[in-house]
Amino acid sequence: SSGNFSDKDLVDLGHQLWLLEKRLQEFEPSRLVRGSGVEDELPLKAVRRIERQIKRANVSIATLRDVACSVGLEVTDPTGQRYEIGWSAVEIVEWQDVSTPRVHRGEYVHEALSPIIQLNGRLLSPARVICAKEESS
């Protein structure tokens with residue numbers, strides 16, 4: 001069970017967990033590559049230390065996600081998923097036309113501004129999303 005947490009508490013928890021994951025992705029080792037300017041500013045030893053701390057933080061986030069799952073809290077980022085009319089788990093805040101070749105065809109979630117948050121399959125908070133339509137060429 002989710003104990004004495006209100007739905008609002010669980011939505012806040014899920015949203016913050018999602019934000020932490022998103023923020024840490026910005027510092028993934030693959031993004032700290034030569035030419036990004038990081039090495040120009042920091043010694044290699046410092047970059048390696050940052051990488052170790054990020055790995056540790058990711059382990060902590062995975063543990064938090066496991067705990068959330070154990071009480072039935074599901075946090076889903078719908079980015080990249082195909083958009084189907086009537087999908088109640090997303091709230092579209094904007095549509096964009098995409099003319100460049102993409103992996104996606106048709107209508108899809110281009111960017112999530114917040115995640116889908118559910119408790120034991122019950123929607124607590126829909127994702128706020130920007131959807132894209134691939135223009136037919």
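Close-up 1. Helix 3 covers residues 44-70, and its 27 residues should span 39 Å at 1.5 Å a residue; the C-alpha atoms at its ends are 39 Å apart, which agrees. The expected span is 1.5 Å times one less than the number of residues. Helices (H or I, at least four residues) and strands (E, at least two) are DSSP runs, numbered from the N terminus. V47, E51, I54, I61 and A68 of helix 3 are buried, where buried denotes under 20% relative accessible area, exposed over 50% and partly exposed in between (1.4 Å probe, protein chains only). In an α-helix there are 3.6 residues a turn, so residues three or four places apart point the same way. G72 follows helix 3 and has a positive phi, near 90 degrees.

The model is predicted: local features need pLDDT of at least 70, side-chain atom pairs count only at pLDDT 80 or more, and totals for chains, interfaces and linings use all residues. Residues are numbered from 1 along each chain as its sequence is written, and side-chain values use heavy atoms, with hydrogens and water left out.

**Close-up 2. The aromatic cluster of Y83, W87 and W95.** Rings of Phe, Tyr and Trp (its six-membered ring) pair if their centres lie within 6.5 Å; planes under 30 degrees apart count as stacked, over 60 as edge-to-face and the rest as tilted. Two aromatic pairs are counted by this rule. The ring centres of Y83 and W87 are 6.3 Å apart and the planes are at 35 degrees, so this pair is tilted. For Y83 and W95 the centres are 5.8 Å apart and the planes at 85 degrees, so the pair is edge-to-face. Because Y83 lies in the loop between strand 1 (73-76) and strand 2 (90-98) and W95 in strand 2, their pair ties together parts that are 12 residues apart in sequence. Y83 is buried at 14% relative accessibility, W87 is partly exposed at 21%, and W95 is partly exposed at 34%.

**Close-up 3. K133 and the ring of W95.** The charged end of K133 sits over the W95 ring, 5.0 Å from its centre. The criterion is that NZ of Lys or CZ of Arg is within 6 Å of the ring centre and within 35 degrees of the ring normal.

**Close-up 4. Positive phi at N120.** N120 lies in the loop between strand 4 (116-119) and strand 5 (122-125). Its phi is near 50 degrees, a positive value in a residue other than glycine. N120 is exposed, with a relative accessible area of 59%.
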